[in-house]
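The following note sets out, point by point, what may be read from the model shown below.

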Amino acid sequence: GPPYHPSPTKEATLAHWVHMQLAAATERLAEVVARPGPFAPRLRELLGASARWSERHRSYLLDYFRFRFLNIEDELGGGGGDAEGRPRDLAGLFAQLIAQAQRDGALRDDLTSEHLASLLHHLYFGALMRWLTLPGLVLADEFEAVVTLFVNGARAPASKASPRRRTA
């Protein structure tokens, strides 16, 4: 199609369209969260669906995020669920998935599921921004790094741990 040139009206329309797309996807992906099973594979499935959608709509995403950041006040307090407790967005899906993993004893429970979901959402967004702004990256690889970091932390595997580097 023709190139997209941002304007306040176009960006607001784009944001509305993206929100509608994400709401529909959230409903479909809630089934993934509702299924029993280990945390990491279900998180990978959610992120895989997000990667496929993002790859199809890449040309619009930077303008969408620019609009959202310019209207950051509207974003504060987001996430969570609707009046019936259904997740409204990916952060809400993350919170439900994390809460289930906490109940199963697979994830730490000294932080609330909402707190952990917020941290996971920031990792997700950072991976998405890297992919959008650094040529040659594969979004699935970026999201795999998110899963690994979130589930295992940043500690080096025991087999790869090196002696502490000395600083001069």
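Which residues form one aromatic cluster? The cluster is made up of Trp17, Trp53 and Tyr60. The points below take up the rest of the structure.

1. Confidence. The model is predicted. The mean pLDDT of the protein is 84, and 81% of the residues score at least 70. Among the elements, the lowest mean pLDDT, 82, belongs to helix 1 (residues 8–34), whereas the highest, 97, belongs to helix 6 (residues 139–152).

2. Overall architecture. Of its 168 residues, 35% count as buried. The accessible surface comes to about 10,900 Å², and carbon and sulfur atoms account for 57% of that surface. Of the contacts between residues at least 6 apart in sequence, 59% join residues at least 24 apart.

3. Leu29 in helix 1. Leu29 belongs to helix 1. Is Leu29 buried or exposed? Its relative accessibility is 15%, so Leu29 counts as buried, the cut-off being under 20%. Apart from neighbours within four places in sequence, Leu29 is in contact with Leu46, Ala49 and Leu93. Leu46 is 17 residues from Leu29 in sequence, and the C-alpha atoms of the two are 6.8 Å apart in space.

4. His57 is located in the loop between helix 2 (39–56) and helix 3 (58–70). With a relative accessible area of 12%, His57 is buried. The His57 side chain comes to 2.8 Å from the backbone oxygen of Trp53, and Trp53 is itself one of the members of the aromatic cluster named at the outset.

5. Helix 3. The end C-alpha atoms of helix 3 are 19 Å apart; this agrees with the 18 Å that its 13 residues should span at 1.5 Å a residue. Its buried residues are Leu61, Asp63, Tyr64, Phe65 and Phe67.

6. Helix 4 (residues 90–103) has 14 residues and extends 20 Å from its first C-alpha to its last, close to the 20 Å expected at 1.5 Å a residue. Why can helix 4 be called largely enclosed by the rest of the structure? The reason is that 12 of its 14 residues are buried; among them are Leu90, Gly92, Phe94, Ile98 and Gln102. At the start of the helix, a side-chain oxygen of Asp89 reaches to within 3.2 Å of the backbone nitrogen of Ala91. Gly105, which follows helix 4, has a positive phi, near 80 degrees.

7. Helix 5. Helix 5 has 21 residues, and from its first C-alpha to its last it reaches 30 Å, close to the 30 Å expected at 1.5 Å a residue. Its buried residues, including Leu116, Leu120, Tyr124, Leu128 and Trp131, pack against helix 2, helix 3, helix 4 and helix 6.

8. Aromatic pairs. How many aromatic pairs does the structure hold? It holds seven. In one of them, the ring centres of Phe94 and Tyr124 are 6.1 Å apart and the planes lie at 75 degrees, so the pair is edge-to-face. Phe94 is in helix 4 and Tyr124 in helix 5, so this pair ties together parts that are 30 residues apart in sequence. Both Phe94 and Tyr124 are buried. Tyr124 also pairs with Phe143: their ring centres are 5.1 Å apart and their planes at 20 degrees, so this pair is stacked. Because Tyr124 lies in helix 5 and Phe143 in helix 6, the pair ties together parts that are 19 residues apart in sequence. Both Tyr124 and Phe143 are buried.

9. Glu142 in helix 6. Glu142 has its place in helix 6, the element with the highest mean pLDDT. Is Glu142 buried or exposed? Glu142 is buried, its relative accessible area being 12%. Not counting residues up to four places away in sequence, Glu142 touches Ala127, Arg130 and Leu137. Of these, Ala127 is among the buried residues of helix 5.

Terms used
Residues numbered from 1 in each chain as written. Heavy atoms only, no water. pLDDT = per-residue confidence, 0-100. Helix = DSSP H or I, 4+ residues; strand = E, 2+ residues; numbered from the N terminus. Buried < 20%, exposed > 50% of the residue type's maximum accessible area, 1.4 Å probe, protein only. Polar contact = N/O pair within 3.5 Å; in protein donor to acceptor, adjacent residues only side chain to side chain. Contact = heavy atoms within 4.5 Å. Areas by Shrake-Rupley, 256 points an atom, 1.4 Å probe, with all protein chains shown as cover. Expected span 1.5 Å × (residues − 1). Phe/Tyr/Trp six-rings, centres within 6.5 Å; stacked < 30°, edge-to-face > 60°.
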